[in-house]
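Student: I have a model open and some questions about its side-chain contacts. Can we go through them one by one?

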Amino acid sequence: MAYSQILRRSRDEKTNYKKRRHLLMGRRDFITVQISNENTLVQIHKPEMAGDKVLSSAHSRSLLNKGWKGSRKSIPAAYLTGYLAGKKALASGTKNAVLYTGTRKYTQRIAAALKGIIDAGLEVPADAETFPSDERISGKHLKVANEIDKVKSAIDSEVKSK
């Protein structure tokens, strides 16, 4: 019986090579969303032979500068982080992209970040039924009330001024 070596990133459950191959063959920019214990990170990449190039990136820590008071990993924070990343991507010239989840499951927070990117103006193929409700995106279910529209207008003014 022959031994077949399993690639390390596949063994560590970091990369799904079948999904990645299809993604790279499509030659489109792609979106990744990482949600940690405290923060949300949304990046838009361009695949290249030498490695993926990051076109725009947004971290939920930057929401604190715009008046955000609540959790940085909640559904509204993921939405606003996706909105910020989408606005930065539009400013850099990106028009469309696809979502790449890799080995992560498609959760409500990832869906909220994707809705933020779509609301920013990027064209992303997605089903509207998978997005969280507007009540959850606006944060009405949370104890700490935040002004989503106020933070969105701060994001819009920041990206336009650059």
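Student: Which residue does Arg-8 form a salt bridge with?

Tutor: Arg-8 forms a salt bridge with Asp-12, and the closest N and O atoms are 3.5 Å apart. Keep in mind that this is a predicted model.

Student: What about Glu-38, which residue does it form a salt bridge with?

Tutor: With Arg-72; the closest N and O atoms are 3.7 Å apart. This pair too links distant parts of the chain: Glu-38 is in the loop between S1 and S2, Arg-72 is in the loop between S3 and H3, and they are 34 residues apart.

Student: Changing topic. Which residues touch the most other members in the largest nonpolar core?

Tutor: That core has 32 residues, and those touching the most other members are Ile-31, Val-42, Leu-63, Trp-68, Leu-80, Leu-122 and Ile-155. At least two core residues come from each of strand S1 (30–35), strand S2 (40–46), helix H3 (75–92), helix H4 (108–120) and helix H6 (148–161).

Student: Which element gives the most to this core?

Tutor: H3 does, with 9 residues. As background, nonpolar side chains in soluble globular proteins tend to be buried together.

Student: Take Leu-122. What does it touch, not counting residues up to four places away in sequence?

Tutor: Leu-122 touches Ile-44, Gly-86, Ala-89, Leu-90, Thr-94, Lys-95, Ala-97 and Ile-117 on that count.

Student: Now Trp-68. Where is it found?

Tutor: Trp-68 is in the loop between strand S3 (53–59) and H3.

Student: Buried or exposed, and why?

Tutor: Trp-68 counts as buried because its relative accessibility is 4%, and the cut-off for buried is under 20%. Leaving out residues up to four places away in sequence, Trp-68 touches Leu-63, Ser-74, Pro-76, Ala-77, Leu-80, Asn-146, Ile-148 and Val-151.

Student: Which backbone oxygen lies 3.0 Å from a polar atom of its side chain?

Tutor: The backbone oxygen of Ser-71 lies 3.0 Å from a polar atom of the Trp-68 side chain. For the backbone oxygen of Gly-70, the distance to a polar atom of that side chain is 3.3 Å.

Student: What separates the C-alpha atoms of Trp-68 and Ala-112?

Tutor: They are 17 Å apart, for residues 44 places apart along the chain.

Student: On to rings. How many aromatic pairs does a search of the whole structure find?

Tutor: It finds 2. Phe-30 and Tyr-100 have ring centres 5.7 Å apart and planes at 80°, so that pair is edge-to-face. Phe-30 lies in strand S1 and Tyr-100 in the loop between strand S4 (98–99) and H4, so the pair ties together parts 70 residues apart in sequence. Phe-30 counts as buried at 2% relative accessibility, and Tyr-100 is buried with a relative accessible area of 12%.

Student: What about Tyr-79 and Tyr-83, why is that pair stacked?

Tutor: Their planes are at 25°, with ring centres 6.4 Å apart, so the pair counts as stacked; stacked needs planes under 30 degrees apart. Tyr-79 and Tyr-83 are 4 residues apart in helix H3, which means that about one helical turn separates them. Tyr-79 and Tyr-83 are both buried.

Student: Which residue has its charged end over the ring of Tyr-83?

Tutor: Lys-152, whose charged end is 4.8 Å from the ring centre.

Student: Last one, His-45. Where is its place?

Tutor: His-45 is in strand S2. At 9% relative accessibility, His-45 counts as buried. A polar contact of 3.3 Å joins its side chain to that of Gln-43. Apart from neighbours within four places in sequence, His-45 is in contact with Asp-29, Phe-30, Thr-32, Asp-52, Lys-53, Val-54 and Leu-55.

Conventions: Residues are numbered from 1 along each chain as its sequence is written. Side-chain values use heavy atoms; hydrogens and water are left out. A nonpolar core is a set of buried Ala, Val, Leu, Ile, Met, Phe, Trp, Tyr and Cys residues joined through side-chain atoms within 4.5 Å. Buried means under 20% relative accessible area, exposed over 50%, partly exposed in between (1.4 Å probe, protein chains only). Contact means heavy atoms within 4.5 Å. A polar contact is a pair of N or O atoms within 3.5 Å; within protein, one must be able to donate a hydrogen and the other to accept it, and residues adjacent in sequence count only if both atoms are side-chain atoms. A salt bridge is a side-chain nitrogen of Lys or Arg within 4 Å of a carboxyl oxygen of Asp or Glu. Rings of Phe, Tyr and Trp (its six-membered ring) pair if their centres lie within 6.5 Å; planes under 30 degrees apart count as stacked, over 60 as edge-to-face and the rest as tilted. A charge sits over a ring if NZ of Lys or CZ of Arg is within 6 Å of the ring centre and within 35 degrees of the ring normal.
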